[in-house]
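Here is a short briefing on one protein model. Look at the sequence and the structure first, then read the points below.

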Amino acid sequence: MIKRQCICVIGAGGKTSLIRLLMDKYKNRKVIVSTTVHMERPACMLVEKEDVNQVQKALMHENVIACVHDSLRGVTGFTKECLRQLYPLCDLMLIEADGNHNHPFKVDRDHEPSLVDFMTLGIAVLSMSAYGQSFAEAAYPAAFSAEYCQCKINDPIDEAAFIKAAKQLISRFNKTASCLLLTHCSKQTAAAARAVRMALDVEVIIWWEGEKEYEENSLCL
C-alpha cells in the first residue's frame, strides 16, 4: 500500500472476515476501522467519542483502532462527516458499508449501500456457499433478491443469479475503483465462480474453502 486508502466493503458472506484480514495485514500502519451501518465488534482498541483529538491520541499508542459506538448488539459507526475528518489521520480506513443479517447472498435495495464519498476502493463480497440454496434460505432480502434476479423465492441461487447480483453490487461504486470477492468457493462451485469472473469487467478474487483460505488469497493494495 503506497498511498492513503479508504476501502468500503459491501455485499454478504465475508465482509467482516475481509476487514479482519486487512486489519492484520496492515497492523504496522495506522488503520481506522468503522461502519456506516453496523458490524461485529472489532478485535482492537475502541474509540467511542467522535472527537478528532481523542482519535489522534489513540493512534499515537495503537496502530489499529475502531471508531465506533459499542452496544450489546455489536457496534455502529461514527457519522460520515466525522469519518471524513478522521481520514487524514490514518494510512488505511476500512468501512463496512452494507448489512446482510448473516446471509451469504445479497442484492442491494435502493437505499443501500451506505458509502462515503471519499472512498478510494470498493470491494463487493458474495459467498459461493449460497450456490444451490434457495433465495428464501440464503438471500437478504430474500423476496427482493429473487425478484431482481428474475427468479422465485424458492428457486435455487444459480450462476446467473450470482452474475446479476455481482454486477449490481459493483455498479454501486460508480466510477470508483472496485473489485469482487467470492468467498467459500469449493470444487462444487468452482465452475460457477469462474463464470462470474468471466462475466465481470472488474477484478474478481476467489477465496477457496480451507484453513488457509484467506492467507493464500490475500489482497495487494
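Start with Asn 100, which sits in the loop between strand E7 (92-96) and strand E8 (105-106). Strands (E, at least two residues) and helices (H or I, at least four) are DSSP runs, numbered from the N terminus. This is a predicted model: local features need pLDDT of at least 70, side-chain atom pairs count only at pLDDT 80 or more, and totals for chains, interfaces and linings use all residues. Residues are numbered from 1 along each chain as its sequence is written, and side-chain values use heavy atoms, with hydrogens and water left out.

- Asn 100 has 11% relative accessibility, so it counts as buried. Buried means under 20% relative accessible area, exposed means over 50%, and partly exposed lies in between (1.4 Å probe, protein chains only).
- The side chain of Asn 100 makes a polar contact with the side chain of Lys 15, at 2.6 Å. A polar contact is a pair of N or O atoms within 3.5 Å; within protein, one must be able to donate a hydrogen and the other to accept it, and residues adjacent in sequence count only if both atoms are side-chain atoms.
- A polar atom of the Asn 100 side chain also lies 2.6 Å from the backbone oxygen of His 103.
- Leaving aside neighbours within four places in sequence, Asn 100 is in contact (heavy atoms within 4.5 Å) with residues including Gly 11, Lys 106 and Tyr 140.

**The loop residue Gln 133**
- Gln 133 is in the loop between strand E9 (121-127) and helix H4 (135-138).
- Its relative accessibility is 27%, so Gln 133 counts as partly exposed.
- Gln 133 and Ile 157 are 24 residues apart along the chain, yet their C-alpha atoms are separated by 5.7 Å.
- Not counting residues up to four places away in sequence, Gln 133 touches Ala 138, Asp 155, Pro 156 and Ile 157.

**Helices H6 and H7**
- Which residues of H7 are buried? They are Ala 190, Ala 192, Ala 193, Ala 195 and Val 196.
- The buried residues of H7 pack against H6, strand E11 (178-185) and strand E12 (203-208).
- In the contact between the two helices, Glu 159, Phe 162, Ile 163, Ala 166 and Lys 167 of H6 meet Ala 191, Ala 192, Ala 195, Val 196 and Ala 199 of H7.
- By class, this contact of H6 with H7 has eight nonpolar, no polar and two charged residues. Ala, Val, Leu, Ile, Met, Phe, Trp, Tyr, Cys and Pro count as nonpolar, Asp, Glu, Lys and Arg as charged, and the others, Gly among them, as polar.
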